[in-house]
Amino acid sequence: MSVNISANMDDYRIASEPYYEESGEECALFEAAFAQKLPVLLKGPTGCGKTRFVEHMAWKLKRPLVTVVCNDDTSAADLTGRWLLDEKGTTWQDGPLTRAARTGAICYLDELVEARADTAVVIHPLTDTRRLLPLDKHNELLRAHPDFLLVVSYNPADRGDHKQLKTSTRQRFCALAFDYPDTERETAIVVRESGIDPEMAARLVALGVRTRRLQGHGLDEGASTRMLVHAGALIGQGVAPADACRMAIAVPLSDDPEITAALLSTVDASF
């Protein structure tokens with residue numbers, strides 16, 4: 001048996017500063033949590049900038065960033081590691097969480113609530129003063145590197161009763177609440193990310209605000225900032241604004257024919 005625990009962490013470093021438009025004191029608060037090695041929970045709707053924020057902070061703090069996009073099949077073994085068969089025999093392969101804890105990276109578990117229940121058991125010892133990661137299958141008790149930080153995110157507005165983050169898990173984290181930016185800041189983001197002119201970006205943001213008013217009235221969520229940027233990118237490519245908004249906003253937002261028709265009407269009225 002052999003062990004493969006090494007990894008080139010330079011591959012996980014953010015090469016250039018990711019664009020992020022701060023909306024409050026979230027950067028300073030994150031830095032304070034990092035200094036005290038306090039795990040951080042990011043709460044907010046889809047496409048509002050949570051992932052970009054983590055990328056920005058990893059760059060700012062000069063730490064590698066290991067990201068895991070969780071889903072229904074994400075298990076504890078996917079995070080910690082497993083024994084694999086190769087030409088050398090049986091080799092232990094660190095999972096992303098283990099790799100980050102071992103090397104002092106930021107580990108970002110995106111939509112943790114989507115993962116299997118056994119993942120919570122694994123991360124709990126990392127989120128208190130122990131900062132330990134038990135690797136039972138490897139017969140190792142890993143003490144996290146001093147620079148390791150665990151960050152998780154989830155969207156509380158998009159949860160069924162069976163997809164809630166447990167109180168015992170949630171209370172182990174410091175939390176930052178994210179939402180869509182105000183219209184001025186969101187317009188600046190759309191301009192910066194898509195390259196379109198401010199007037200057109202403002203019209204896209206106004207459309208996004210209209211769709212968000214439908215939340216709870218047929219829509220789980222309105223158009224995200226990400227969707228507005230996608231529409232702007234299409235417009236920058238020469239697509240007519242109404243067509244771009246149909247493709248990037250109205251059609252993806254809902255599969256319900258009546259809701260989609262209402263969204264398409266809103267697009268037509270806006271452009």
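In this predicted model, helix H8 (residues 198-212) packs against helix H9 (residues 225-236) at an angle of about 140°, and their axes lie 10 Å apart. The crossing of H8 over H9 is right-handed. On the H8 side, the residues that meet H9 are Met200, Leu204, Val205, Gly208 and Arg212; on the H9 side, they are Thr225, Leu228, Ala231, Gly232 and Ile235. Sorted by type, the residues of this contact comprise six nonpolar, three polar and one charged.

H1 contributes Glu26, Cys27, Phe30, Glu31 and Phe34 to the contact, while H2 contributes Phe53, His56, Met57, Lys60 and Leu61. Of the residues in the contact of H1 with H2, six are nonpolar, one is polar and three are charged.

Cys27, one of the H1 residues in that contact, leads on to the cysteines. A disulfide is a covalent bond between the sulfur atoms of two cysteines. A search of the whole structure finds zero disulfides. For Cys174, the reason is distance: the closest cysteine sulfur, in Cys27, is 16 Å from its own, too far for a bond, given that a disulfide requires sulfur atoms within 2.5 Å. Cys174 has a relative accessible area of 35% and is therefore partly exposed. Cys245, by contrast, counts as buried because its relative accessibility is 0%, below the 20% limit for that class.

Technical notes. Residues are numbered from 1 along each chain as its sequence is written. This is a predicted model: local features need pLDDT of at least 70, side-chain atom pairs count only at pLDDT 80 or more; totals for chains, interfaces and linings use all residues. Side-chain values use heavy atoms; hydrogens and water are left out. Contact means heavy atoms within 4.5 Å. Helices (H or I, at least four residues) and strands (E, at least two) are DSSP runs, numbered from the N terminus. Ala, Val, Leu, Ile, Met, Phe, Trp, Tyr, Cys and Pro count as nonpolar, Asp, Glu, Lys and Arg as charged, and the others, Gly among them, as polar. Buried means under 20% relative accessible area, exposed over 50%, partly exposed in between (1.4 Å probe, protein chains only). Axes are lines fitted to C-alpha atoms, for helices over the stretch in contact, and angles run from 0 to 180 degrees between N-to-C directions. A crossing is left-handed if the near helix is turned anticlockwise from the far one by less than a right angle, and right-handed if clockwise.
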